[in-house]
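Please read it alongside the sequence and coordinates.

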Amino acid sequence: MEREELLRQIVGQEAQDRHDAHRNHASSRPLSEDYELIGLLGEVEFGKLTGQMVDLERRLDGDKGVDFVVPLNFTVDVKTARKAFHLIHEAGKGFADIYVLAQYDHETKNIELIGWEWGAVLARAPVKDFGYGIKNHYIPAENLKPMSDLIKRMNRYGQFSTFK
């Protein structure tokens, strides 16, 4: 079995396990088909870029919006969407230090890391309901910082190396 196919199967099972663990919880709001899988694929792509492991610990109360902790103890939340037009975060919820926007391509099953922004900047961004009855702070994708800038900042402290 090809390495990428094996990884997809493992990620697929983990996504299903996450979905099942949160079924019927008040905090669970699946807004699209395969939302756990798509989110996890974004995390995997960020992990591959930064050389960090995806957090696979099962938390019944969720991850509190933290997918990774990077050098200097910054928290990172990866937001993955099929149509990544905006980086969004629900108004009224706590903020990570850094947000990364990723896009999932259904046809190719690939993930592209679009860009990033500081949580403090996202917290000051305008709020809008994108049609699900949930108000989100948002920043258009074209206004995000490039991923290369985040990698340079993280590499400056020499605590990880990137790999593909």
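T80 stands opposite A102 in β4. The model is predicted.

**Strand β2 and its partners**

- β2 covers residues 74-81 and pairs with strand β1 (residues 68-70).
- This pairing is antiparallel and runs over 3 bridges.
- V69 stands opposite T75 in β2.
- β1 and β2 form a hairpin, with 3 residues between the two strands.
- In the turn, L72 has a positive phi of about 70°.

**The open sheet**

- 3 strands make up an open sheet, in the order β3-β7-β6.
- Their pairing is antiparallel.
- β3 (86-90) and β6 (127-129) stand at the edges.
- Each edge strand has a single partner, so one side of each is left without a neighbour in the sheet.
- From one strand to the next, the twist averages 45°.
- β3 pairs with strand β7 (residues 135-140) over 5 bridges, in the antiparallel sense.
- H86 stands opposite P140 in β7.

**Q52 in its loop**

- Q52 lies in the loop between α2 (35-50) and β1.
- Is Q52 buried or exposed? Its relative accessibility is 18%, so Q52 counts as buried, the cut-off being under 20%.
- Leaving aside neighbours within four places in sequence, Q52 is in contact with F46, G47, F68, V69 and V70.

**Aromatic pairs**

- The count comes to 5 aromatic pairs.
- Among them, F74 and W118 form an edge-to-face pair, at 5.5 Å centre to centre and 65° between the planes.
- The pair links distant parts of the chain: F74 is in strand β2, W118 is in strand β5 (residues 110-118), and they are 44 residues apart.
- F74 has a relative accessible area of 27% and is therefore partly exposed.
- W118 is partly exposed too, at 23% relative accessibility.
- F95 and Y99 also form an edge-to-face pair, at 6.1 Å centre to centre and 75° between the planes.
- F95 is partly exposed, with a relative accessible area of 32%, whereas Y99 is buried at 0%.

**The cluster and a charge**

- F74, W116 and W118 form one aromatic cluster.
- Which charged end sits over the ring of W116? That of K145 does, 5.7 Å from the ring centre.

Note on methods
Residues are numbered from 1 along each chain as its sequence is written. This is a predicted model: local features need pLDDT of at least 70, side-chain atom pairs count only at pLDDT 80 or more; totals for chains, interfaces and linings use all residues. Side-chain values use heavy atoms; hydrogens and water are left out. Two strands pair if DSSP finds at least two bridges between them. Helices (H or I, at least four residues) and strands (E, at least two) are DSSP runs, numbered from the N terminus. Axes are lines fitted to C-alpha atoms, for helices over the stretch in contact, and angles run from 0 to 180 degrees between N-to-C directions. Buried means under 20% relative accessible area, exposed over 50%, partly exposed in between (1.4 Å probe, protein chains only). Contact means heavy atoms within 4.5 Å. Rings of Phe, Tyr and Trp (its six-membered ring) pair if their centres lie within 6.5 Å; planes under 30 degrees apart count as stacked, over 60 as edge-to-face and the rest as tilted. A charge sits over a ring if NZ of Lys or CZ of Arg is within 6 Å of the ring centre and within 35 degrees of the ring normal.
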